[in-house]
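This report concerns the aromatic side chains of one protein model. Please look at the sequence and the structure shown here before reading on.

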Amino acid sequence: MEKIVIFGGSGFIGSELIIKLANFKNFQVDVITRNKKTIHPLKVLPNVRFHEVRTFNPGVIERYIRGSEIVINLMGILHEDKKNSFKTIHATYPKIIQNLCIRNKIKKFIHVSALKSESKAYGTDNSRYISAERRDSTGAKNEQDQNMVRRYVVQGHLYMFEYKAKMRWLPYYDRFPLVYVIKSNKNEFFGANLHYLPIKRRIMAVNKLLKYNRIEFPKKCFHKYLHSHVDGFYLDLASA
């Protein structure tokens, strides 16, 4: 049985990846997290173990990755605070993990950047994202099947982004929507937010969309979003 170690498994990408890997009996998945409470729904998955590590100690980290075939780093933050900076989370820690992987002869080390740090790195130069969107809306299917940070949305793609609601009096709303775009124009776009579905229902809905090109989401999932209220860029999770 091959051992896979995942850092940052409590986020959307991490939780979806863990669910997928749990279906393979030849994988033993070890998830390193700072707080086990954040991944409570995933504890019932087979072949998955969760380890709570509150401080980033290289000696402790090495103990968990030793003997693994693949190490995946999904750690990321959207905002800096006194305890966590972009440099620490997105540069220092990945470098330490990389060096530990080299020392322990790990076959593969996969590092995934976060949405906020990626968008800040490119400043106000949006030309590459605008041209990419134009290619995606008219290009071949293999050109569209990419996960990229973008400036605008395209119909038929799935996006994750940070959003600030227009109505401040709302009792609650999703600050980080996961939206399948149905229709888009210059000022706004309309789509289905998958975060309003339980994980199992979400997977079923996406499978139907991919297999039959059929949109079957409850009415509560459909919302309108204003481009002016999106903070940063859009993480394009590829076309359906």
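Phe222 has a relative accessible area of 25% and is therefore partly exposed; buried means under 20%, exposed over 50% and partly exposed in between, with a 1.4 Å probe and protein chains only. Phe190 also counts as partly exposed, because its relative accessibility is 33%.

The model is predicted: local features need pLDDT of at least 70, side-chain atom pairs count only at pLDDT 80 or more, and totals for chains, interfaces and linings use all residues. Residues are numbered from 1 along each chain as its sequence is written, and side-chain values use heavy atoms, without hydrogens and water.

How many aromatic pairs does a search of the whole structure find? The search finds twelve. Rings of Phe, Tyr and Trp (its six-membered ring) pair if their centres lie within 6.5 Å; planes under 30 degrees apart are stacked, over 60 edge-to-face and the rest tilted. Two of these pairs are listed below.

| Pair | Type | Centre to centre | Between planes |
|---|---|---|---|
| Tyr163 and Tyr225 | edge-to-face | 5.1 Å | 85° |
| Phe190 and Phe222 | stacked | 6.0 Å | 20° |

Tyr163 in strand β7 (residues 157–163) and Tyr225 in strand β10 (residues 222–226) are 62 residues apart, and their pair links distant parts of the chain. Strands (E, at least two residues) are DSSP runs, numbered from the N terminus. Both Tyr163 and Tyr225 are buried. Phe190 belongs to strand β9 (residues 188–193) and Phe222 to strand β10, so their pair ties together parts 32 residues apart in sequence.

One aromatic cluster is formed by Tyr159, Phe161, Tyr163, Phe189, Tyr225 and Tyr234.

Note on methods:
Helices (H or I, at least four residues) and strands (E, at least two) are DSSP runs, numbered from the N terminus.
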